[in-house]
Amino acid sequence: MNPDGNALLEVADVHVAYGKVEAVRAVSLHVAENEIVTIVGANGAGKTTLLNAIMGILPLKGRTLFAGEDMARLDIEDRVAAGLSLVPEHRELFATMNVEDNLKLGGFRMTKAANAASFERVYSLFPRLKERRKQFAGTLSGGEQQMLAMGRALMGAPKLLMLDEPSLGLAPIIVADIFRIIGELRASGVSVLLVEQNAQAALQIADRAYVMELGEFILNGPAGEIAANQRVAASYLGFQHEGESPV
Amino acid sequence: MNTTIMLFLVQDGITNGAIYALLGLALVLVFAVTRVILIPQGEFVTYGALTYASLSSGHVPGTARLAVAMGVVAFCLDLYAGRRSLHRRLVGRAVAVNIILPSIVLALTSWTAGHPSGIAINIALSLMIVAVIGLFLYRIAFQPIAQASVLVLLIASVGCHLAMQGFGLVFFGAEGQRAPPLSTASFTVGPLRFTGQSIAVYVITAALMIGLWLFFGTTLTGKALRATAVNRLGARLVGIRTSLAGQIAFLMAAMIGAISGILIVPITTLYYDTGFLIGLKGFVAGIIGGLVSYPLTAIAALFVGLVESFSSFSASNFKEVIVFTLIIPVLVLRSLAAPAVEEDKD
């Protein structure tokens, strides 16, 4: 299921279970280089579980390839080293350390020279972080924390950035900012796998989309088509076409 | 009690308190990074002290051989853990750290035992031996269960303490030992007599604390350890290996324990099981610091030292009782002040 043949991330027939409860069933997806792919779906559909399993935080059954390499035996740390990065739903910042140290640790595996360049890149993407660089991460606002979490991930120079609900709990103006930056990331050669409940914003920015429901993908295709799909429109975009019942 | 006696007691209390402070800091460090309550901290003290004493009297301490044996076990564990993706770098690293490192230490120790050697060499060797044991202790006993609950880790910790104490009896015998002091110089200020050893205790404690502060505040490795303590998942997501952070924390705790041991063995006779009680007093300080605060732990340790010296003067039969009773009001206050903390499951 990979028409381009140059997928950066390829996930095939993946199952994730919490004990006996399967939270993700037979899911396959791929992300090509320089592509923004989104997974949309309601709360509890299994989106976060899927991302965590791809990152290696949760065990999964199935095949996961990253840049052509089997990830089955890789720890989280090995996956980070390979260029896969996750900005988790709860951000997982180092709350009692300042912004600069958080970013510095984001580049933990990188050389000093690479870090200097990354600092500049992150500060130009998020000027707010530069203003707050001596402030503790725990004292930042929600939007700033999200920026810091993304900045910290970018310090590791990932090939694929997985974002879990970056807009969760943020003011609309900040959400717009974050989505603009996700667009800019692609321009700088980072692929993005975006999990969102805010389907409207996500579908606008993404190239392709998967719709997840109760642990399975029920639809996938170009983001424009998905956005135009009536069932998706009814369930996730919050409006119905008159006179037509959602399928 | 007159002023002179009081000054003596204060001096004594601060000397002991400095040692407890070092141990308390090591406990806080290990707990923050690995969630292990390090009961065997006291064994690091005994091992350091008695290894140094053995070396000073020209024997090869059993701890050097223990380090090699633990290295072999750690090597097998490393190979087993990496069995599905054995590549040359992994095996090379495992051989270098687990086999070559302790072998070199043992070789150096055996060679030194045959030649009269200075205090500095004996101290350096003792530190190396105990540091290596600390590293392997984490690799063997705690790394395989690193994700377990605090309670499971505590039980493993008690097991390590009992095992290491047993080994201590085998290696060093039941007799107490003393070792030569770092310096025999002394001077008097008013009624107080300062020995070179007690000055060494103050200076080395202060230097270690400043060193730790710089390490955690300025180096990337130090910050990575703090990051692991603050947010384990966050640390893993930026590529900091929890296992490596744990090994470094244990290595540092073992070194600190050994330094404490070497500092006190010229002052007091140490037995194979003395370390436990000394470690417990560091633990009292650590608890007063909530197992998170370094400065509070250091201050609490001085307080513990003072309470101990004053109670050993006025109620010597009850001195341990009084010191350990300190924990109860602290725990009550802390449990009243702090909201219920759920143990994080990651």
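What is the handedness of the crossing of α5(B) and α10(B)? In this predicted model, the crossing is right-handed. The two axes, those of helix α5 (residues 119-142) of chain B and of α10(B), come within 8 Å and cross at roughly 140 degrees. The helices α5(B) and α10(B) are therefore oblique to each other. On the side of α5(B), the contact includes Ile123(B), Leu127(B), Val130(B), Ile133(B) and Phe142(B). On the side of α10(B), the residues include Phe250(B), Leu251(B), Met255(B), Ile259(B) and Ile262(B). By class, the contact of α5(B) with α10(B) has 17 nonpolar, 5 polar and 1 charged residues.

Helix α10 (residues 242-264) of chain B also meets helix α1 (residues 3-34) of chain B. Here the axes come within 9 Å and cross at roughly 170 degrees. An angle over 145 degrees counts as roughly antiparallel, and α1(B) and α10(B) are therefore roughly antiparallel to each other. From α1(B), the contact draws on residues including Ile19(B), Leu22(B), Leu29(B) and Val33(B). From α10(B), Ala245(B), Ala249(B), Ile256(B) and Leu263(B) are among them. This contact divides into 17 nonpolar, 4 polar and no charged residues. Phe250(B) of α10(B) takes part in the contact with α1(B) and in the contact with α5(B).

Chain A holds an open sheet of 6 strands. The strand order is β6-β7-β8-β3-β9-β10, and the pairing is mixed. Strands β6 (84-87) and β10 (216-222) of chain A each have a single partner strand, so one side of each is left without a neighbour in the sheet. Neighbouring strands are turned by 15 degrees against each other on average, direction ignored. Among the residues bridged here, Val87(A) has Leu163(A) of β7(A) as its partner. Helix α7 (residues 172-187) of chain A lies across β3 (36-41), β7 and β8 (191-196) of chain A. Its direction is at about 155 degrees to β8(A).

The two chains also touch. Chain A gives 21 residues to the contact, and chain B gives 17 residues. On the side of chain A, the elements that give two or more residues are α2 (76-82) and α3 (99-106). By class, this side of chain A has 11 nonpolar, 3 polar and 7 charged residues.

Conventions: Residues are numbered from 1 along each chain as its sequence is written. Chains are lettered from A and ligands numbered from 1 in the order in which they are written. This is a predicted model: local features need pLDDT of at least 70, side-chain atom pairs count only at pLDDT 80 or more; totals for chains, interfaces and linings use all residues. Axes are lines fitted to C-alpha atoms, for helices over the stretch in contact, and angles run from 0 to 180 degrees between N-to-C directions. Helices (H or I, at least four residues) and strands (E, at least two) are DSSP runs, numbered from the N terminus. Angles under 35 degrees count as roughly parallel, over 145 as roughly antiparallel, 65 to 115 as roughly perpendicular and the rest as oblique. Two residues are in contact if their C-beta atoms, placed from the backbone, lie within 7 Å. Ala, Val, Leu, Ile, Met, Phe, Trp, Tyr, Cys and Pro count as nonpolar, Asp, Glu, Lys and Arg as charged, and the others, Gly among them, as polar. Two strands pair if DSSP finds at least two bridges between them. A crossing is left-handed if the near helix is turned anticlockwise from the far one by less than a right angle, and right-handed if clockwise.
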